[in-house]
Amino acid sequence: LTHLNLGSNNFVALPESLLANNPKLSVIKLVKNREMIDSLPDGLLANKTQLTEVYFSCNLIRKIPENIFEGSTAIVNIKLDQNELEILPDELFKDQVKLERLDLSMNFISELSEEIFLNTEALNELKLSNNRISKISKYTFQKLKKLTDLHLGNNQLTILDTKTFEG
């Protein structure tokens with residue numbers, strides 16, 4: 001199995017070992033779920049070395065485990081937009097060294113840690129619009145040397161450090 005589309009269903013939860021025996025998975029889509037999946041299982045997409053695209057848009061996800069992508073180093077595109085995420089664990093993207101596009105727009109994210117994008121140096125498009133972000137550290141985007149598109153509109157920002165966008 002290389003492509004899995006679970007979109008537009010009625011899931012309320014997913015089993016932790018759902019994808020344990022799918023090492024060749026490259027694309028997963030779980031979009032527009034009609035019921036509420038408020039959290040995803042620990043390690044759901046961990047160690048999927050061929051996984052390149054993750055689409056979890058338009059659900060009601062509130063919590064995402066720190067180890068969900070652990071060891072899955074080939075991911076280039078993650079869409080977690082239109083959920084209810086409030087907090088992103090510091091090491092959520094620690095193994096995403098090839099990540100190029102990340103969409104976290106239309107959530108309830110209020111802050112970004114200085115470490116959240118530390119290992120995502122390949123990132124060129126980052127969508128954070130329509131959240132509740134009120135402050136951004138001058139170090140948050142520091143390692144993102146390839147970033148060309150940054151969307152921060154419709155947040156609650158009031159002040160930015162002069163070094164916030166250096167890089």
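Predicted model: local features only at pLDDT ≥ 70, side-chain atom pairs only at ≥ 80, totals over all residues.

Reader: Fine. So where is Lys-32 placed?

Author: Lys-32 sits in the loop between S2 and strand S3 (53-55).

Reader: And what's its phi like, positive or negative?

Author: Positive, about 55°, although Lys-32 is not a glycine. For background, most residues other than glycine have a negative phi.

Reader: Is Lys-32 buried or exposed?

Author: Exposed: its relative accessible area is 52%, and the cut-off is over 50%.

Reader: Which loop holds Ser-8?

Author: The one between strand S1 (3-5) and strand S2 (27-29). Ser-8 also has a positive phi, near 55°, and is a residue other than glycine.

Reader: How accessible is Ser-8?

Author: Its relative accessibility is 36%, so Ser-8 counts as partly exposed.

Reader: OK, switching topic. Where's Met-106?

Author: Met-106 is in the loop between strand S5 (101-103) and strand S6 (125-127). It is partly exposed, at 42% relative accessible area.

Reader: Which residues is Met-106 in contact with, leaving aside neighbours within four places in sequence?

Author: Gln-82, Asn-83, Ser-129, Asn-130 and Asn-131 are in contact with Met-106.

Reader: What separates the C-alpha atoms of Met-106 and Ser-129?

Author: 6.4 Å, with the two residues 23 apart along the chain.

Definitions and conventions
Residues numbered from 1 in each chain as written. Heavy atoms only, no water. Helix = DSSP H or I, 4+ residues; strand = E, 2+ residues; numbered from the N terminus. Buried < 20%, exposed > 50% of the residue type's maximum accessible area, 1.4 Å probe, protein only. Contact = heavy atoms within 4.5 Å.
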